[in-house]
Amino acid sequence: MITREEIAEILKTYDLGKLAIGTLGSHSALNIFKGAKEEGFKTVSICKKSDAIIYKKFPLADEIVFVEDFSELLNDNVQEKLRELNVVLVPHGSFTAYLSTEEITNKLYVPMLGNRQLLHWEADRKKQKKWLSKAGLKLPRTFEKPEEINRLIIAKLPGAKGGKGYFLANSRESFHKKVKEIIKRGLLSEKDVAHIHLQEYILGVNVYPHYFSSIIDDDVEFLGVDKRYESAVDAIGRIPAEEQLEIGISPTYTIVGNMPITLRESLLPELIRMGDNVVKASREIAPPGIIGPFCLETVVTDNLEIYTFEISARIVAGTNVGLGTSPYAYLKYGENMYMGRRISLEVKNAIKQKRVNEIIT
Ligand code: AMP
Ligand code: AMP
């Protein structure tokens with residue numbers, strides 16, 4: 001495991017006046033780069049050749065480090081190049097999707113904004129549950145075995161990227177029938193069936209609040225909310241029930257995009273407290289706790305109960321809906337604050353106060 005002392009040593013070799021913000025060219029990279037530039041930093045994209053067109057259209061990357069595959073971030077020559085460029089990496093969803101959290105905590109010798117240890121907690125469903133319970137959040141029930149299914153559940157495939165192949169079942173029989181179909185579609189192998197996560201399906205609407213835990217200001221900020229646009233589940237309502245039955249359609253949850261939302265003001269106190277409590281709990285499980293952006297994935301029922309089914313201990317792509325501004329960022333900052341910029345503002349303040357070591361690991 002790479003220690004904070006080792007990262008502090010690397011930081012000593014950096015020219016803080018030339019610090020650059022770097023990340024993998026995907027997910028929320030444009031958000032992160034735009035924010036970095038608005039706060040006066042250079043930007044470095046670790047990018048696939050086929051995606052470089054993005055930076056031609058949106059010239060936000062001062063340097064591009066080309067890779068064939070995001071896992072090359074771990075290569076010595078890539079890491080060396082990033083250190084030469086004084087890069088602080090900002091992790092996002094593609095880091096955990098294309099690298100293992102062990103690789104991130106053991107092999108990536110480039111300073112990273114955020115708490116790497118918490119990426120383990122995010123990636124492991126059991127650990128997540130422990131963390132969120134410790135914070136006192138309401139969680140959907142989980143079922144250990146298909147035999148226990150006694151209500152509608154959502155079955156989450158191990159390592160699924162963006163909800164791909166998730167399905168619903170309301171009994172052991174329907175579960176096994178659907179598993180067979182999913183295997184046939186090539187989304188799952190027999191040996192992974194035992195690792196499918198079975199979670200109570202909460203009937204309600206998705207609400208994804210975005211927070212920023214500032215070490216420098218000692219505060220947890222509430223900066224925005226989004227909901228997701230998922231294929232095919234968001235398309236099913238366009239087909240009448242009769243035809244749905246005829247073609248045996250079942251919902252899947254591949255993320256395609258996000259939409260901004262504002263909430264009933266009466267929901268805000270609980271959501272704000274939830275963010276505070278998650279940060280408090282994180283300080284106990286992995287000191288110094290969350291550094292920077294995080295997001296809770298919740299479902300709100302018609303009783304206005306808020307169930308949390310997941311946490312992301314890093315920037316989420318849903319914050320892209322707040323580029324420019326979001327209603328909640330506006331309330332605190334006025335115009336032109338958004339997650340990518342808030343991250344770089346924290347780095348800027350940390351440099352000013354000579355506290356950069358406190359926000360990187
Ligand atoms: P990508 O680099 O697009 O493959 O995304 C990396 C990971 O982040 C995948 O697990 C995606 O499902 C997730 N992701 C990407 N974009 C979004 C989004 N707009 N909202 C939520 N999750 C996303
Ligand atoms: P995830 O990959 O865990 O973010 O989940 C993908 C999508 O599945 C979410 O955006 C929700 O639409 C849905 N979902 C996940 N868990 C639940 C749940 N326990 N109850 C209802 N919907 C859920």
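Tutor: Let us begin with a sheet: 4 strands form an open sheet in the order β3-β2-β1-β4, and the pairing is parallel. Strands here are DSSP runs (E, at least two residues; helices are H or I, at least four), numbered from the N terminus, and two strands pair if DSSP finds at least two bridges between them. The model is predicted: local features need pLDDT of at least 70 and side-chain atom pairs count only at pLDDT 80 or more, while totals for chains, interfaces and linings use all residues. Residues are numbered from 1 along each chain as its sequence is written, chains are lettered from A and ligands numbered from 1 in the order in which they are written, and side-chain values use heavy atoms, with hydrogens and water left out.

Student: Why is one side of β3 and of β4 left without a neighbour in the sheet?

Tutor: In general, strands of a sheet pair through backbone hydrogen bonds, either parallel or antiparallel. Here β3 (63-67) and β4 (87-89) stand at the edges and each has a single partner strand, so one side of each has no neighbour in the sheet. Neighbouring strands are turned by 25 degrees against each other on average, direction ignored; the axes are lines fitted to C-alpha atoms (for helices over the stretch in contact), and angles run from 0 to 180 degrees between N-to-C directions.

Student: How many bridges join β1 and β4?

Tutor: Strand β1 (residues 20-24) pairs with β4 in the parallel sense over 3 bridges. Within β4, L89 is the bridge partner of G22.

Student: In what order do the strands of the antiparallel open sheet stand?

Tutor: That open sheet has 5 strands, in the order β11-β10-β9-β12-β13, with antiparallel pairing. Its edges are β11 (253-260) and β13, each with a single partner strand, so one side of each is left without a neighbour in the sheet. The twist from one strand to the next averages 35 degrees. Strands β9 and β12 (residues 292-300) run antiparallel and are joined by 7 bridges; T298 in β12 is the bridge partner of V207.

Student: Which peptide bonds are cis?

Tutor: The bond from S231 to A232 is cis, with omega near 10 degrees, and A232 lies in strand β10. The bond from P287 to P288 is also cis, with omega near 5 degrees; P288 lies in the loop between α12 (268-285) and β12. For phi, consider D218, in the loop between β9 and β10: its value is near 50 degrees, positive in a residue other than glycine.

Student: Which residues come nearest to ligand 2?

Tutor: A residue is near a molecule if one of its heavy atoms lies within 4 Å of it. Of the 17 residues around ligand 2, Y166, Y208, E230, E297 and E310 come nearest. A polar contact is a pair of N or O atoms within 3.5 Å (within protein, one must be able to donate a hydrogen and the other to accept it, and residues adjacent in sequence count only if both atoms are side-chain atoms). An oxygen atom of ligand 2 is 2.9 Å from an N or O atom in the side chain of Y166; for the side chain of N206 the distance is 3.0 Å.
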